[in-house]
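This report describes one protein chain, from its overall fold down to single side chains. The sequence and the model are shown first.

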Amino acid sequence: MNTRYDDLVLRLRSAARPEREAREQMAAYVEKVRLHAYKVTDGDVEKLKAAGFSEDEIFEHTVSAAVAAGIERLDAGLAALR
């Protein structure tokens, strides 16, 4: 099923880079963002900062995981419509 957003979604897929490697602490956080974003707290971010991650790294991984999760859900929704 084609939509008028296909080009945008394609660009988001490549920009999100959800397959990028992450150290163990970040990997657990990214998984939490991907599956249960509503459970992420300031404490989670503070733990990452205490582990040596910069705010920029945390932001980039957060956005990447959130975009990837959104695209997964979009794909599931479009598949259901077919």
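What percentage of the 82 residues of the protein chain count as buried? The share is 21%. The model is predicted.

## Overall fold

The protein chain contains four helices and zero strands, and its pattern along the sequence reads α-α-α-α. Along the principal axes, the C-alpha trace spans about 45 × 20 × 20 Å.

Among contacts in the protein chain with a separation of 6 or more, 75% are accounted for by residues 24 or more positions apart.

## Surface

The accessible surface of the protein chain is about 6,000 Å². Carbon and sulfur atoms hold 56% of that area.

In soluble globular proteins, nonpolar side chains tend to be buried together. Here the largest nonpolar core consists of eight residues, namely Met26, Tyr29, Val30, Val33, Leu48, Phe53, Ile58 and Ala65. At least two residues of this core come from each of α2 (24-36) and α4 (55-81). With four residues, α2 provides the largest share.

Leu48 belongs to this core. Leaving aside residues up to four places away in sequence, Leu48 touches Gln25, Met26, Tyr29, Phe53 and Ile58.

## Aromatic rings

Phe53, also a member of the largest nonpolar core, has the charged end of Arg23 over its ring. The distance from that charged end to the ring centre is 4.1 Å.

How many aromatic pairs does the structure hold? The count is zero.

How values were computed. Residues numbered from 1 in each chain as written. Predicted model: local features only at pLDDT ≥ 70, side-chain atom pairs only at ≥ 80, totals over all residues. Heavy atoms only, no water. Phe/Tyr/Trp six-rings, centres within 6.5 Å; stacked < 30°, edge-to-face > 60°. Lys NZ or Arg CZ within 6 Å of the ring centre and 35° of its normal. Core = buried A, V, L, I, M, F, W, Y, C linked by side-chain atoms within 4.5 Å. Buried < 20%, exposed > 50% of the residue type's maximum accessible area, 1.4 Å probe, protein only. Contact = heavy atoms within 4.5 Å. Areas by Shrake-Rupley, 256 points an atom, 1.4 Å probe, with all protein chains shown as cover.
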